[in-house]
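Please look at the sequence and the model together.

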Protein chains: 4
Amino acid sequence: MKENARIEAFSDGVFAIAITLLILELKVPPHDSVHSVADLWKGLINLWPSYFAFLLSFGIILVSWVNHHYLFNVLDKSSRPFLYANGFLLLTITFMPFPTALLAEYIGTDYMKPAVVFYCFGGVVNSIGWNLVIHTVFKPKLLLHHTVNIDVLDSTKRSVRLGFIVYAFSTVLAFWFPVAALIINLLLWIVWITLSINVKD
Amino acid sequence: MKENARIEAFSDGVFAIAITLLILELKVPPHDSVHSVADLWKGLINLWPSYFAFLLSFGIILVSWVNHHYLFNVLDKSSRPFLYANGFLLLTITFMPFPTALLAEYIGTDYMKPAVVFYCFGGVVNSIGWNLVIHTVFKPKLLLHHTVNIDVLDSTKRSVRLGFIVYAFSTVLAFWFPVAALIINLLLWIVWITLSINVKD
Amino acid sequence: MKENARIEAFSDGVFAIAITLLILELKVPPHDSVHSVADLWKGLINLWPSYFAFLLSFGIILVSWVNHHYLFNVLDKSSRPFLYANGFLLLTITFMPFPTALLAEYIGTDYMKPAVVFYCFGGVVNSIGWNLVIHTVFKPKLLLHHTVNIDVLDSTKRSVRLGFIVYAFSTVLAFWFPVAALIINLLLWIVWITLSINVKD
Amino acid sequence: MKENARIEAFSDGVFAIAITLLILELKVPPHDSVHSVADLWKGLINLWPSYFAFLLSFGIILVSWVNHHYLFNVLDKSSRPFLYANGFLLLTITFMPFPTALLAEYIGTDYMKPAVVFYCFGGVVNSIGWNLVIHTVFKPKLLLHHTVNIDVLDSTKRSVRLGFIVYAFSTVLAFWFPVAALIINLLLWIVWITLSINVKD
């Protein structure tokens with residue numbers, strides 16, 4: 001457990017920083033565009049794409065962290081392939097503030113399609129990271145506690161595969177219907193939280 | 001305890017980063033506005049809204065962290081609802097740098113009302129996060145050490161409810177008297193520190 | 001020890017973030033000011049005030065962290081006054097990126113005096129934080145391991161008092177001789193590292 | 001182990017933050033340069049120097065962290081010289097976002113040479129940090145577990161020396177052939193991961 005403790009600490013750091021950096025993309029309405037109290041209220045309301053992007057990405061990173069937390073609870077040791085798969089997963093997490101800022105900038109404009117495609121594709125890459133992590137847990141050596149029923153990981157496996165399919169589908173969908181793709185992203189986030197709240201640990 | 005150790009580590013990371021990011025909103029007086037030593041002194045003094053906003057938010061996050069620390073000391077296990085309630089609380093903490101920057105930009109100007117309303121409302125949402133956390137500690141299963149007298153949490157419960165009422169009141173007050181609302185915020189911060197220093201652990 | 005573990009984790013997070021945020025103040029020479037390879041070399045060399053400020057502040061935060069680390073090694077428990085004194089110390093650490101950026105902007109210009117005074121004054125406030133922490137270790141209750149000889153803390157006490165005197169002196173000095181004040185800051189940093197390397201633990 | 005636990009935590013924090021801050025250098029294509037969906041696609045593709053710099057530096061920091069992790073696994077205690085050598089190593093890690101941003105700005109332009117030289121030189125300084133850390137592990141007192149075969153560290157020593165030589169060579173090479181120097185950097189990164197995956201722990 002000691003060995004994995006530090007991997008958890010490093011991963012927690014990356015999750016915590018990536019989730020906190022999201023806020024930097026929210027920009028205060030600039031002073032020279034505000035000429036009345038009403039202007040500032042309007043400026044704050046016009047930031048809704050930023051609030052939406054912030055909430056969406058916060059939810060995704062938070063769900064990722066909760067799953068990461070439960071995965072490590074059943075791990076016994078680690079391996080270098082696992083370390084690098086985890087590193088790749090963290091890469092996709094640290095990348096999140098960029099598509100988030102992209103989405104915040106272009107959602108609701110005529111040019112939102114590339115932004116939504118890019119955002120959903122980020123979800124695809126993140127799913128690949130999760131699949132690699134799950135793969136290295138089983139190979140080359142079993143990382144689980146001997147007392148763990150291997151079926152326990154099956155729900156993780158299924159939700160990881162579901163994530164990949166949903167993100168790949170919404171990436172393609174976003175070329176034509178970006179708003180629909182975003183709604184699917186939001187639904188996935190809510191479904192994941194709802195499902196995982198009912199898991200019996 | 002092991003299970004909660006990682007939730008604490010992740011939460012600590014988020015608290016530590018949010019409290020440290022506050023400094024990024026303090027901007028050095030730009031070189032081209034400075035034509036004498038006196039100009040730079042003036043520039044540094046004119047940053048008082050930023051210093052004030054920095055100190056106010058630093059205090060709020062620090063008090064939140066101290067309370068979080070003492071709450072976890074009496075917890076024995078966690079549950080998924082608790083994890084998500086804690087996640088929502090962390091959301092309100094990572095959000096802090098934005099209303100802080102907003103306050104720093106508009107305090108002392110003719111347009112400060114929306115900024116102060118927004119800031120106080122951030123306190124309301126943070127209080128809701130705290131109430132959710134406390135709620136999930138008791139339901140659906142009791143997460144406390146068996147040796148803990150449940151009355152111990154009553155002071156936390158009371159101060160969480162107090163926070164909600166005070167922030168809700170000051171949000172409304174800020175529509176007419178923003179300066180008074182800010183003073184209440186500052187007082188609340190000082191009261192919380194003073195009270196908690198005298199708690200016997 | 002468990003109780004202090006989390007205070008250490010939170011403090012470590014703040015130290016680690018403050019020390020890493022220093023780099024954000026180093027700005028890449030802007031593309032439109034570069035018209036030849038020689039221009040870019042010159043641009044990189046002209047950043048020396050930023051490199052200097054980065055190194056100086058990095059050293060100060062690192063020495064602070066090393067001392068913090070050794071102080072916690074001899075602590076047994078904590079108290080709320082200690083928690084808030086530590087919080088105040090962390091406040092002065094998170095504040096560091098601002099005077100660092102100020103120094104980087106104005107060192108070597110005609111207007112450097114306020115920047116250096118401000119920077120040294122930051123050192124004074126940091127010393128006050130350290131004095132408060134040391135004070136709360138002894139009062140209202142002794143937080144040390146029973147096996148620790150109280151004299152052990154005397155060297156920490158002395159160096160904390162030395163820091164206060166040197167920073168206060170260099171703050172005053174900077175009004176007339178800012179370069180001399182900076183050299184003293186740099187020397188203090190080197191003296192502290194040299195001294196502490198020879199401490200027998 | 002307790003003593004080193006906190007050094008690991010602080011180091012992990014610095015690694016995690018430095019690796020996450022890299023993303024801040026990726027800038028969303030500005031709204032006023034985008035007049036069609038095709039413009040935004042082009043803008044996202046034109047960011048390839050930023051993606052490349054991000055990936056290259058992410059890989060370097062990740063490999064550094066993995067090595068750091070394995071080094072600490074065989075350490076038993078620490079010393080102040082070791083603490084400061086580790087501090088110097090962390091200095092070179094926190095510095096990474098700057099050469100990364102420099103590379104992202106100038107790669108592919110006529111002025112890329114200074115940027116690549118600077119980036120490779122950062123690798124040289126990082127290697128010096130690693131050499132200092134390894135040196136202080138053996139002197140003044142042995143930090144290894146008594147059960148560790150000292151030969152275990154020989155591979156770390158060799159790869160640290162290899163890193164120094166390769167980075168020094170590519171720094172010189174970059175004055176004439178910057179693209180070749182960058183390819184060597186990328187190869188080194190891939191070689192290190194490949195080698196370390198096959199290490200038997």
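## Ground rules

Two residues are in contact if their C-beta atoms, placed from the backbone, lie within 7 Å. Under that rule, the contact between chains C and D takes 28 residues from chain C and 28 residues from chain D.

This is a predicted model: local features need pLDDT of at least 70, side-chain atom pairs count only at pLDDT 80 or more, and totals for chains, interfaces and linings use all residues. Residues are numbered from 1 along each chain as its sequence is written, while chains are lettered from A and ligands numbered from 1 in the order in which they are written.

## Confidence

The predictor's confidence in each residue is the pLDDT, from 0 to 100. Chain A averages a pLDDT of 82. In chain A, 88% of the residues score at least 70. For the complex, the predictor gives an ipTM of 0.80 and a pTM of 0.84.

## Chain A

Helices (H or I, at least four residues) and strands (E, at least two) are DSSP runs, numbered from the N terminus. Chain A has eight helices and zero strands. Read from the N terminus, its elements run α-α-α-α-α-α-α-α.

A residue is buried if 20 or more other C-beta atoms lie within 10 Å of its own, exposed if 12 or fewer, and partly exposed in between; the C-beta atoms are placed from the backbone. Of the 201 residues of chain A, 46% are buried. Now take the contacts in chain A between residues at least 6 apart in sequence. Of these, 81% join residues at least 24 apart.

## One helix up close

How far apart are the end C-alpha atoms of helix α4 of chain D? They are 22 Å apart. The expected span is 1.5 Å times one less than the number of residues. Helix α4 (residues 80-95) of chain D has 16 residues, so it should span 22 Å, which agrees. α4(D) is mostly covered, with 13 of its 16 residues buried.

## Where chain D meets chain A

Here 28 residues of chain D are in contact with 28 residues of chain A. On the chain D side, the elements that give two or more residues are α1 (2-21), α2 (37-45), α3 (48-73) and α8 (178-198). α1(D) gives the most, with nine residues.

Which classes of residue make up the side of chain D that touches chain A? There are 20 nonpolar, six polar and two charged residues. Ala, Val, Leu, Ile, Met, Phe, Trp, Tyr, Cys and Pro count as nonpolar, Asp, Glu, Lys and Arg as charged, and the others, Gly among them, as polar.

## How the copies are related

Copies are superposed by least squares on the C-alpha atoms of residues with pLDDT of at least 70 in both. Chain D can be laid on chain A with an RMSD of 0.0 Å, by a turn of 90 degrees and a shift of 0.0 Å along the axis. The two copies are therefore related as by a four-fold rotation axis. Of the residues of chain D, Gly13(D) comes closest to that axis, at 4.3 Å (C-alpha). The copies use different surfaces: 11% of the contact residues of chain D recur in chain A.

Chain C can be laid on chain D with an RMSD of 0.0 Å, by a turn of 90 degrees and a shift of 0.0 Å along the axis. In chain C, Gly13(C) comes closest to the rotation axis, at 4.3 Å (C-alpha).
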